[in-house]
Amino acid sequence: MPTPALNRRISFVLLSGMVLSLSLMAVGLALYALNPGASKDVALGPIEAIRALMSGDPLGLVDLGIMLLIATPLARLIVALWQFARGREWKMVVVAVLVLGVVAVAVLLGGR
Amino acid sequence: MDAVAALGILGFSVLAGLIGAIFGLGGGIIIIPSLTLLFGYPMQLAIGASLIAVIASSTGAATHYVDQGLTNIRLAMVLEVATTLGAVIGALIAVYLNQAVLAFAFALILIYAAYYMLTKPESVCTYPPGPCGPLDLSCSYVDKAEGKEIEYGVKQLGKGMAASAGAGGISGLLGVGGGIIKVPVMNLWMGVPMRAACATSNFMIGVTALAGAIVHYGYGDVVPVLAAVVAVGVFAGASIGTRLADRLCGPNLKKTFAVILGFVSLLMLLKAVGLM
């Protein structure tokens, strides 16, 4: 049966992640449009994206926005896991850990 | 990417989000043919951009559905074990498949999507709340049109998991959300009412696309500017489409869109055999 606290927290995480990531992307794209071709359009990864941002490269902002968007559904998995653990729903805790495990495999394969 | 191409891609992405929201599809079915056939991007880069857009549009809609209590979060998470596994395998296959095979597979999915749009099978039979194997995935929501609470149980979890793994595989392989498989499976096989099935599928799409997107990102198939233009455009289009959906989604429009999907699938088949 639905749990209002679970729904409320997940909805908050999804909304926050979406607003923040799309804002980063939109601002990054606007700055990139002012100076197109200043940097090569390739995925940077977290550390390089922060470095690019520090050096004023808008591609860093765009890439951070994309990574934050990818991380948003991951954050809602973690919030669900925490909420299930608090409610002592151990079977659902196992389910959440399994999904996180598959995502971890994806991270390992993607970051080969 | 020059300014004209960026504006063109943004325009098509807004359109993809708009049409996706009106017909209850992810934007991938429109984005991928647009990027490959009109803007000349390789299938792998189009799939990478589409997966990012799919996360954006599904996250936006999921916020709304979770708030309304339509999403069966427990069922979604159980099925996500299968969809994420399928998505990782699908994405790994996509990285190594050649363009022609991917275009051919995508054309087949478009034909299925057109068929689904025309027939849209729906069951109104629900099961009473109760355990489904070791888990109780029963849920309820308030139907605002009828002004009453709908309670339902979930059955045939094994079949649902198998089909979800297939839907996840298609998502990772072809960059689409996979809702056209998950929604009928949940409704027809598992006894989930249609509105709850749509909301639950939408919720799952974010995590499914996440698993595929991470693999594509790591292999360099997510080009940041392209992906961001598509994601921002799809999100803007979906925001408008959600408000227009009830007014615009008539049977004639559905038939027209199904015919367009059939035509685009033909173009993708021509691309697959090297005639485009």
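Reader: What makes Gln156(B) partly exposed?

Author: A residue is buried if 20 or more other C-beta atoms lie within 10 Å of its own, exposed if 12 or fewer, and partly exposed in between, with C-beta atoms placed from the backbone. Gln156(B) has 18 other C-beta atoms within 10 Å, so it is partly exposed. This is a predicted model, in which local features need pLDDT of at least 70 and side-chain atom pairs count only at pLDDT 80 or more, while totals for chains, interfaces and linings use all residues. Residues are numbered from 1 along each chain as its sequence is written, and chains are lettered from A and ligands numbered from 1 in the order in which they are written.

Reader: Where is Gln156(B) found, and what is its phi?

Author: Gln156(B) is in the loop between β2 (148-152) and α6 (157-174) of chain B. Its phi is positive, about 50°, although Gln156(B) is not a glycine. Helices (H or I, at least four residues) and strands (E, at least two) are DSSP runs, numbered from the N terminus.

Reader: Why is Arg88(A) called exposed?

Author: Arg88(A) has 8 other C-beta atoms within 10 Å, and the limit for an exposed residue is 12 or fewer; Arg88(A) is therefore exposed. Its place is in the loop between α3 and α4 of chain A. Arg88(A) also has a positive phi of about 55° without being a glycine.

Reader: How do you know that Tyr219(B) is partly exposed, and which residues does it contact?

Author: The count for Tyr219(B) is 19 other C-beta atoms within 10 Å, so it is partly exposed. Tyr219(B) lies in the loop between α8 and α9 (224-248) of chain B. Two residues are in contact if their C-beta atoms, placed from the backbone, lie within 7 Å. Leaving aside neighbours within four places in sequence, Tyr219(B) is in contact with Gly110(A) and Val95(B).

Reader: What makes α1(A) roughly antiparallel to α3(A)?

Author: Axes are lines fitted to C-alpha atoms, for helices over the stretch in contact, and angles run from 0 to 180 degrees between N-to-C directions. The axes of α1(A) and α3(A) come within 7 Å and cross at roughly 175°. Angles under 35 degrees count as roughly parallel, over 145 as roughly antiparallel, 65 to 115 as roughly perpendicular and the rest as oblique. The two helices are therefore roughly antiparallel.

Reader: Why is chain B said to be as compact as a globular protein of its length?

Author: The radius of gyration is taken over C-alpha atoms, and the globule rule is 2.2 Å times the number of residues to the power 0.38. For the 276 residues of chain B the rule gives 19 Å, and the radius of gyration is 18 Å, close to that value, so the chain is as compact as a globular protein of that length. Chain B has 10 helices and 2 strands, and 59% of its residues count as buried.

Reader: What is the largest nonpolar core, and which residues touch the most other members?

Author: A nonpolar core is a set of buried Ala, Val, Leu, Ile, Met, Phe, Trp, Tyr and Cys residues joined through C-beta atoms within 7 Å. The largest has 138 residues, of which Ala49(B), Ile52(B), Val230(B) and Ala231(B) touch the most other members. Helix α8 (residues 194-218) of chain B gives the most to this core, with 15 residues. Not counting residues up to four places away in sequence, Ala231(B) touches Met25(A), Leu69(A), Ile52(B), Ala53(B) and Ala56(B).
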